[in-house]
Amino acid sequence: MNGDRTAGDPRSHAERQADALVALARGALDGGSLPDVRGERPHVRVTIDWFALSAERGAHGVAGGSLGWAGPISPETARRLACDAGVVRVITGPDGLPLDVGRAQRTASAAIRRAVEIRDGHCVFAGCDAPPEWCDVHHVVHWAHGGPTSCDNGALLCERHHTSCHEGRFTIRRDPGTGRWHTYRPDGSEILSRAGP
């Protein structure tokens, strides 16, 4: 829970415990030694309408999705979960019965993740230096909005800041000239890190 903890970490004791549990679960899932259950590796199933998933952030009148065993979730939460996940397309008819089931596609390959880890080195959110082991590969332009799964469109974000981008309406952008990442609040103003230039 305190391993690699950065100076000035604002997380509470409970938040650090939750992040440690997520790290343990991720390590077990990534290790590949867990057994298949009913033909699949351990997984979380999110069900959401394609139009809701690809709708603009905060669009009015758009229903969210559902998370198995947890209930309703917002489209932003579904996008965060789908950001670095396997996605299976299921087309249903008017009666809700499946008509076609597509193949799962991994959104970020191991090679892309390694390249992004080497390039970024830590969470790129302003003022955060969480190590790569605590980070997801975030699609800067979400794949549901046409963003490619590539190094150029990927960024390391820790769990907390990944949630901030998807659900808190923060954004990040990489300056193509300097390669530096910039973080913007929901109102469009930039967050300037005290540690940065």
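**The whole chain**

Start with everything selected: among contacts (heavy atoms within 4.5 Å) between residues at least 6 apart in sequence, 47% join residues at least 24 apart. What you have on screen is a predicted model, where local features need pLDDT of at least 70 and side-chain atom pairs count only at pLDDT 80 or more, while totals for chains, interfaces and linings use all residues. Numbering runs from 1 along each chain as its sequence is written, and side-chain values use heavy atoms, with hydrogens and water left out.

Switch to cartoon and you'll find five helices and twelve strands; these are DSSP runs numbered from the N terminus, H or I of at least four residues for helices and E of at least two for strands. Of the 197 residues, 30% are buried, meaning under 20% relative accessible area with a 1.4 Å probe, counting protein chains only.

**Next stop: β9**

Select residues 154–158, which form strand β9. Why is this strand largely enclosed by the rest of the structure? Because five of its five residues are buried. In a regular strand the side chains alternate between the two faces of the sheet. Here Gly154, Leu156 and Cys158 sit on one side and Ala155 and Leu157 on the other, and both sides are covered.

**Into the core**

The largest nonpolar core has 18 residues, and Cys123, Val124, Phe125, Cys128, Leu157, Cys158 and Ile172 touch the most other members. A core here is a set of buried Ala, Val, Leu, Ile, Met, Phe, Trp, Tyr and Cys residues joined through side-chain atoms within 4.5 Å. Two or more residues each come from α4 (110–120), β8 and β9, with β9 giving the most, four.

Click Cys123: beyond its neighbours within four places in sequence, its contacts include Cys128, Leu157 and His161. A separate core of seven residues includes Ile73, Ala82, Trp143 and Ala144.

**Last stop: Arg16**

Jump to helix α1, residues 13–30, and pick Arg16. Is Arg16 buried or exposed? Buried, at a relative accessible area of 10%. Follow the Arg16 side chain to the backbone oxygen of Arg11, 3.3 Å away.

Technical notes. Buried means under 20% relative accessible area, exposed over 50%, partly exposed in between (1.4 Å probe, protein chains only). A polar contact is a pair of N or O atoms within 3.5 Å; within protein, one must be able to donate a hydrogen and the other to accept it, and residues adjacent in sequence count only if both atoms are side-chain atoms.
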